[in-house]
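Thanks for coming. I will take one structure today and go through a few residues, then the chain as a whole.

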Amino acid sequence: MDLTYRIARMRRKALAATRRPMFRAGARECVPMSIGIAAWGLVAGVAMAKSGMGIPLAILMSVLVSAGSSQVAALPLIAGDAPMWVVWATVACVNLRFLVFSFQYRPYFAHLPRRRRVVLSYFMGDTIFALFLRRYPEPKRAPGQVDYFWGAAVVTYGAWQLAVIAGIVAGNAIPPEWGIGFAGTMALLALTCSQLRTRSTWVAALVAACAAVAAYALPLRLNIVVAISAAVAIGVLAQHTRGKDAS
């Protein structure tokens with residue numbers, strides 16, 4: 001009875017949240033981006049299906065990881081029997097951006113209980129981050145911020161998981177001639193460019209691209225690690241330089 005009551009209470013809260021204006025605003029603004037998210041999710045699902053991973057395990061990985069770039073980066077390493085430390089290092093480097101996202105979100109959500117912040121962090125993605133900062137450029141609390149985040153998160157997460165599962169189930173039936181991989185790459189590129197707003201971010205992106213090409217011959221796709229490390233180093237250097245200029 002207690003469990004039934006809790007489920008009913010959570011359902012009432014969820015329905016009440018969907019009626020709030022900022023929840024609807026977040027969902028509405030995220031709908032156009034969901035097309036690119038779905039394309040990239042389909043690519044990730046197809047890649048997981050073609051890696052030889054079983055359907056249940058692939059779906060479990062999608063739910064637990066819920067990060068397309070990490071999944072796509074880890075799959076060829078796992079399939080190639082790469083050492084576990086290489087897989088972990090690659091995924092950690094790919095996900096370093098979420099530390100930056102968390103730091104940027106702190107002024108908005110630091111007042112929330114830790115449990116709620118942990119739940120929010122699971123749904124924190126590139127698209128939501130870009131839309132959220134565009135809606136709230138000033139790093140301070142304002143009414144409706146949590147509702148806006150959840151509205152965008154519901155659309156983003158739903159589009160992502162549905163596309164990934166569709167790619168996993170129908171992955172082997174999708175011919176390469178459809179160019180799904182190219183479409184997903186372009187979608188990811190569009191999401192990345194939407195976050196390049198300052199000169200330092202453009203420089204970091206250019207340095208990462210050059211480093212990835214220069215280190216392409218490295219085994220186990222370690223050029224990804226090199227590119228991310230170079231971009232982070234440039235970002236830290238730029239931040240340090242701005243701090244000196246300000247003082």
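Let me start with one side chain: does Thr156 count as buried or exposed, and at what relative accessibility? This is a predicted model, and everything I quote is computed from it. Thr156 counts as buried, because its relative accessibility is 12% and the cut-off for buried is under 20%.

Where does that residue sit? Thr156 belongs to helix α9. A polar atom of its side chain lies 2.8 Å from the backbone oxygen of Ala152. Setting aside residues up to four places away in sequence, Thr156 touches Cys30, Ile37 and Ile128.

Staying on helix α9, the next residue is Gln161. Gln161 has a relative accessible area of 7%, so it is buried as well. Leaving out neighbours within four places in sequence, Gln161 is in contact with Ser62, Val63, Ser66 and Tyr122.

Now the aromatic rings. A pair of aromatic rings is described by the distance of the centres and the angle of the planes. How many aromatic pairs does the structure hold? There are 18, and I will show two of them.

In one, the ring centres of Phe109 and Phe149 are 5.7 Å apart and the planes are at 80°, so this pair is edge-to-face. The pair links distant parts of the chain: Phe109 is in helix α6, residues 97–109, while Phe149 is in helix α9, residues 145–170, and the two are 40 residues apart. Both of these phenylalanines, Phe109 and Phe149, are buried.

In the other, Phe132 and Tyr136 are paired with 5.1 Å from centre to centre and 45° between the planes, and the pair is tilted. Phe132 is buried, and Tyr136 is buried too.

Last, the chain as a whole. The pattern along the sequence is accordingly written α-α-α-α-α-α-α-α-α-α-α-α.

Of the 247 residues in the protein chain, 36% are buried. On contacts, take those between residues at least 6 apart in sequence: 76% of them join residues at least 24 apart. As for surface, the protein chain exposes about 14900 Å², and carbon and sulfur atoms supply 70% of that area.

To recap helix α9: it holds Thr156, Gln161 and the Phe149 ring of the edge-to-face pair. That is what I have.

Technical notes: Residues numbered from 1 in each chain as written. Heavy atoms only, no water. Phe/Tyr/Trp six-rings, centres within 6.5 Å; stacked < 30°, edge-to-face > 60°. Helix = DSSP H or I, 4+ residues; strand = E, 2+ residues; numbered from the N terminus. Buried < 20%, exposed > 50% of the residue type's maximum accessible area, 1.4 Å probe, protein only. Polar contact = N/O pair within 3.5 Å; in protein donor to acceptor, adjacent residues only side chain to side chain. Contact = heavy atoms within 4.5 Å. Areas by Shrake-Rupley, 256 points an atom, 1.4 Å probe, with all protein chains shown as cover.
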